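Thanks for coming, everyone. Let me put the model on the screen, and then we will walk through it piece by piece.

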Amino acid sequence: MARKLRRLLAGSTVNERYGNRLEVITDGPHAVSALVILKSSGFEHLSNITCVDWIDEHRMDVTYNLWSYTHRLHAVVKAQAHRDALEVPTTGEIWPQAQVYEREIHEMFGVEFTGNPDLSPLFLHNWRDMPPLRKDFDTEEYSRRAYGVVDGVEEAGV
Amino acid sequence: MSDFYEVTKIAETDEYATYDFFFGPNHPGMHGNFGYVCDVVGSTITRVRVNAGQLHRGFEKLMEQNLWFQNISLIPRICVPDPDPNEVAYCTAVERLMGIEIPVRAKFLRSLTLEMSRMTSLLMGMGALGAMMGLYGVMYRMMNERDRVLDFFEWLTGARIYHIYNLPGGVRRDLPEGFAAKLESLLDDMEYNLREWDSLLFENPVVHRRLKGIGKISADEAVTYGLVGPNLRATGFTADVRKDDPYAAYPFLDFQIITTEGGDALARAVQVRKEYEAAIQLIRKILEAMPGGEFKVYLGNPLKFTVPAGDTYARVESSKGEYGYYVVSNGGLKPYRISVRGPSLPAGLSLCHKHLPGMRIDDVAIWMASFSVCPPDFDR
Amino acid sequence: MLKVSREEILDGKFERVLNFFRSRSLWMLYYCTGCGAVELPPTMTSRFDIERFGIGPMATPRQADILLVTGYVSVKTLKRIVRSYEQMPEPKWVVGFGSCPVNGGIYWKSYATINQLDRYIPVDLSLSGCMPRPQAVIDGFVNLMEMIRKGEAVGYKKYRLNYEWYKQNQAEVLERTEPVLRPGIASVGKVQETKKKISVMEGVK
């Protein structure tokens, strides 16, 4: 299977992993074509779309986890995008649920998905800071400043 | 159907005929804290917007701040009715990254708690389905039954609901004396009660009429939308993570994948009942085949525990479908990124835009209960 | 900090009779706000029955007496809780269920959950535990009934007397206009605007 995919996906690297896992590394604009090819080769089920923030290497990986019922193989597709130009085309036409995942990633990481009809905030209410799941967002400090911390039992607010 | 057409003709000329209806968070027909904002004409829905995020806790960010072993106390709280698959998925991912194998007895103990947890969650699901239609007696009896299983969990692990029982490397403690015998007698009681619930819920003509035709979906469409678990198997598609991508003790046990034909809410209810019965029989097989031996692999000091760099995706079959944990590690003391895939996201947030328009308001709660939409696992 | 005095609160004799009857028939608003809600059905159903104490579920806040905040409260939920609380007619009581309304619980580091519920809504009784067992819930409710009978549970009067203080705390969380960490950091929308401006300027050139 890996050899067949290497032939089809010319511009990306395909690695084999242990057991029944494959890995495909590509970059932003080519992600959609790679996913279409994978879907037509038998990977019908989209498990998850997520994003990993590699702040030291100054890039973000939009990661797609795919599963094939017919071949019983799992594929991880990593679409790398530079941290200052976070634009990835949308996959909402291939799988309808991808639109919801992209809405969440846009809110949490700040990645622009071009072509997605609805990128309004889904989980957060009246959020003014930077996207919260990035590595340079300090959540403990935010919780201390915004909501206060209860120190001891004696001082309970009365 | 002609009423629908006439009503929307009125709606075209009169802008006040459409109103916003909050099938909202504070509603006894809603599972958990989640809302749909519907545009309604008469009592028929025309458009749906999703009001999610009331249960958002920022789990993925919280898990990056804790050590690998400290996350085990956070993990069960992602899915509220069915917490064990989360623990098993996390531990499977960590063990796969480290490249270790756990002892066989630990695998069987993990499968035992997974199946017991599946039984409690299915009981709550069936009870909720009955309660949405107004049959509250079903809910009361099933919660009573579920409490008896939770007593066994308390005996084994120490807590009723969030049993923090699985560790990377095995489980926390062994079976106590007399556990297997008492569990067998409880299973006999549960099989006897199943006949009573058949006459209350599953062979009730009112329930058949109410559930028929709601949320009909075909197998190809279900795969494209990403439905998993009993929802997918009720359309006739054969897929089960326990067979396709085995984990824990499932390679050693033989059991069948159960499917139902139909694809609507009645088929899903029958599917849930069949899975409940299969879970009881599977627990019997696990107790028979339980081997002896160690139940834990000692992995060194928990405060200095590191995992080699890499990333992996571990999936586990819970009562609602496929639970996935995508774990990324960069070799340090804390996880670098953990992403959780909840099984209710496609049904609750994406399929609603297709199914709910055209449905009456009274059927929305039943639609949600039949798809087992549970908001904590997509709000995280 | 809060202006409250004992003499203002303890009323005359007729109120004592009313308190005796109020404590025997409390209706609870069935709003499952967080992960603690999974211990509510076992408490209400036939094994640990709380209906024998007179406590029953109620769907609408207009006819309920107790608002049960089960577990953690996220920012969106806080808005709805405040609205439900203000819709309930007096006398009304709030019970904080679990250790999350007390001090943030296991999610205290999170950016999405509040840490101390007592600053936004007056809490009369707190049950600690994660989750509290049904026996602990019943014990807590019996304590609440005792407090109501003696006239000590007066959260609603505190709310009325200190309305501005509570409203100020709520507005601080719900209607925020500036970022919390390092004011001036650009949010996502602003980055898009500056990008567009730069491209427009370059096009003009």
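Along its sequence, chain A runs α-β-β-α-β-β-β-β-α-β-α. That makes four helices and seven strands, where helices (H or I, at least four residues) and strands (E, at least two) are DSSP runs numbered from the N terminus.

Some ground rules. This is a predicted model, in which local features need pLDDT of at least 70, side-chain atom pairs count only at pLDDT 80 or more, and totals for chains, interfaces and linings use all residues. Residues are numbered from 1 along each chain as its sequence is written, chains are lettered from A and ligands numbered from 1 in the order in which they are written, and side-chain values use heavy atoms, leaving out hydrogens and water.

Back to chain A. Of its 158 residues, 56% count as buried. Buried means under 20% relative accessible area, exposed over 50%, and partly exposed in between, with a 1.4 Å probe and protein chains only. Now take contacts between residues at least 6 apart in sequence: in chain A, 51% of them join residues at least 24 apart. Contact here means heavy atoms within 4.5 Å.

Next, the domains. Chain A splits into domain 1 (2-119) and domain 2 (128-158), with bounds from an automatic or database domain assignment. Nine residues of domain 1 and six residues of domain 2 make the contact. About 650 Å² is buried between these two domains, and carbon and sulfur atoms give 60% of that. Buried area is the accessible area (1.4 Å probe) that two parts lose on being put together, summed over both. On the domain 1 side, Asp53(A), Met108(A) and Phe109(A) supply 58% of the area buried against domain 2, more than any other three residues. H3(A) gives the most to that side, with three residues.

What about polar links? Between the two domains there are zero salt bridges, meaning a side-chain nitrogen of Lys or Arg within 4 Å of a carboxyl oxygen of Asp or Glu. Three residue pairs are in polar contact, both at pLDDT 80 or more. A polar contact is a pair of N or O atoms within 3.5 Å; within protein, one must be able to donate a hydrogen and the other to accept it, and residues adjacent in sequence count only if both atoms are side-chain atoms.

Now chain C. Here 31 residues of chain A are in contact with 33 residues of chain C. The area buried between them is about 2,900 Å², with 56% from carbon and sulfur atoms. On the chain A side, His125(A), Arg128(A) and Tyr147(A) lose the most area, together 26% of what that side buries. Salt bridges between chain A and chain C: zero. Residue pairs in polar contact: eight, both at pLDDT 80 or more. Helix H3 (98-109) and helix H4 (139-147) of chain A each give two or more residues to the side touching chain C. H4(A) has the largest share, nine residues.

Last, the core. The largest nonpolar core has 222 residues, and Val111(A), Tyr36(B), Leu112(B), Tyr276(B) and Tyr325(B) have the most contacts inside it. Such a core is a set of buried Ala, Val, Leu, Ile, Met, Phe, Trp, Tyr and Cys residues joined through side-chain atoms within 4.5 Å. Helix H4 (residues 104-132) of chain B gives the largest share, 13 residues. Both domains of chain A give residues to this core, so it lies between them.
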